[in-house]
Amino acid sequence: MTRPKRAGWRPSPDIRRDPTQSKWIEEETIPPLKKAWGKYRKKVLALIIKAGERTNIIGSTPGISLTEIMRNLPILGESFIDDGTEITAPVVVSNLNAKTLYRELVGEEHLHPLARFGIKSYEPSISAAMVCLGVDYEPPLDAHHTMITAPYEEMNDYWWNRLDKGLLPKEQFGLVCWATKSDHSLAPEGCHAINVIFMAPSSLPGSDWDKEKERFLEDSIAYLARKAVPGLSDHVKVAELITPFDYERRLLHPGGAIYGLQEDLVAQTVFRPRSKSKSIGGLYLAGASTHPGGGVPLVIGSGIIASDLVSKYE
């Protein structure tokens, strides 16, 4: 006998904003996704998972209550199943990391053996640290994006010899995003917003990111002032560091994986977990860990793909 499709979720009563989430994410990423859903938004119940902050949760299994699912994730359970109420829906769209979704929320026991093997085979993508700065001057940068490079040999040394050992690069390299270059409304008049993605392993030998956070942030500002943004140190008014620990705790990205899952050839585009789940009826995936991949443009694309599939099959 075929069990009916069923999905369940329970929103938090107090969705709290994370102060380190940039206004750019709110204004540049969320609206296109909402537009992509268009007329389907009343039919599709979608939430994003964040651990421990009473923000939002996704889960979908046929014939299994949300309460049963959440027994596998007790840290989140009390955040939204406080009165035992269960809300069901025929369709759920999840942008949680696909590996976490299937292994911890859905549960491996509800997957086909091949799907279980497949989801286990994926590795997390690289991790990184993001430095978020508010400054009271116009930074001497030329464009919205600026690459900071290190000598070719040192970058190769980091990828092949240091990353897996939990070591930082000898000299940092990464991407500077000057968001207010493109949109002045993202900061008060006369001020600007900058965020920088720096290379950072998921764990540090003999220490952890919580202990090293303040030192890493100070070193990063000094390095940026010396390497790419002259005068920066004297103009920082707001500074926040998002570490791999933060990505894992807030977004349930294993190891702080910024692209969700590995980005090599065997895990790109159509080789990532499907946008329409074959294992769970009514479950659709969006985000970095599904097709077509990680990075803001591709993640937005994944939402459009999911909305098209919902329109077609639901």
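Which residues of α6 are buried? The buried residues of α6 are M155, Y158 and R162, where buried means under 20% relative accessible area, exposed over 50% and partly exposed in between (1.4 Å probe, protein chains only). The structure is a predicted model, in which local features need pLDDT of at least 70 and side-chain atom pairs count only at pLDDT 80 or more, whereas totals for chains, interfaces and linings use all residues. Residues are numbered from 1 along each chain as its sequence is written, and side-chain values use heavy atoms, with hydrogens and water left out.

The protein chain has 10 helices and 10 strands; helices (H or I, at least four residues) and strands (E, at least two) are DSSP runs, numbered from the N terminus. Of the 314 residues of the protein chain, 46% count as buried. The accessible surface of the protein chain comes to about 16100 Å², and 55% of this surface belongs to carbon and sulfur atoms. Accessible areas come from the Shrake-Rupley method with a 1.4 Å probe, and for residues only the protein chains shown count as cover. Among contacts in the protein chain with a separation of 6 or more, 72% are accounted for by residues 24 or more positions apart, contact meaning heavy atoms within 4.5 Å.

Helix α6 spans residues 152–162. Its buried residues are M155, Y158 and R162. They cover an arc of only 100 degrees around the axis, which puts them on the same side of α6; the arc is that of the directions from the helix axis to the C-beta atoms. On the other side of α6, Y152, E153 and W160 are exposed. Strand β8 (192–199) is included in what covers the buried residues of α6.

Aromatic pairs were assigned to rings of Phe, Tyr and Trp (its six-membered ring) with centres within 6.5 Å; planes under 30 degrees apart count as stacked, over 60 as edge-to-face and the rest as tilted. By this rule the count comes to five aromatic pairs. The ring centres of W159 and F173 are 5.9 Å apart and their planes stand at 70 degrees, so this pair is edge-to-face. Since W159 lies in helix α6 and F173 in the loop between α6 and β7 (174–178), the pair ties together parts that are 14 residues apart in sequence. W159 is partly exposed, with a relative accessible area of 32%, whereas F173 counts as buried at 6%. Ring pairs link Y158, W159 and F173 into a cluster. Elsewhere, the charged end of K276 sits over the ring of Y313, 4.9 Å from its centre; this assignment requires NZ of Lys or CZ of Arg within 6 Å of the ring centre and within 35 degrees of the ring normal.

A salt bridge is a side-chain nitrogen of Lys or Arg within 4 Å of a carboxyl oxygen of Asp or Glu. By this rule the count comes to 11 salt bridges. One of these joins K237 and D136, with the closest N and O atoms 3.6 Å apart. This pair links distant parts of the chain, with K237 in strand β9 (residues 236–242) and D136 in the loop between β5 (128–135) and β6 (145–148), 101 residues apart. K237 counts as exposed at 59% relative accessibility, and D136 as partly exposed at 30%.

Within helix α8 (residues 209–227), R215 and E212 lie three residues apart, about one turn of the helix. Their side chains meet in a salt bridge (2.7 Å, N to O). R215 counts as partly exposed at 39% relative accessibility. K213 forms a salt bridge with E240, the closest N and O atoms being 3.9 Å apart. This pair links distant parts of the chain, K213 being in helix α8 and E240 in strand β9, 27 residues apart. Salt bridges that share partners join D210, K213, E240, D246 and R249 into one network. E240 counts as partly exposed, at 28% relative accessibility.

Y247 is found in helix α9 (residues 244–251) and is buried, with a relative accessible area of 15%. Leaving aside neighbours within four places in sequence, Y247 is in contact with A128, M130, I242, L252, H253, G256 and I258. The C-alpha atoms of Y247 and S202 are separated by 9.7 Å, the two residues being 45 residues apart along the chain. In helix α10 (residues 296–313) lies S307, which counts as buried at 1% relative accessibility. S307 and Y284 are 23 residues apart in sequence and 8.8 Å apart in space, C-alpha to C-alpha.
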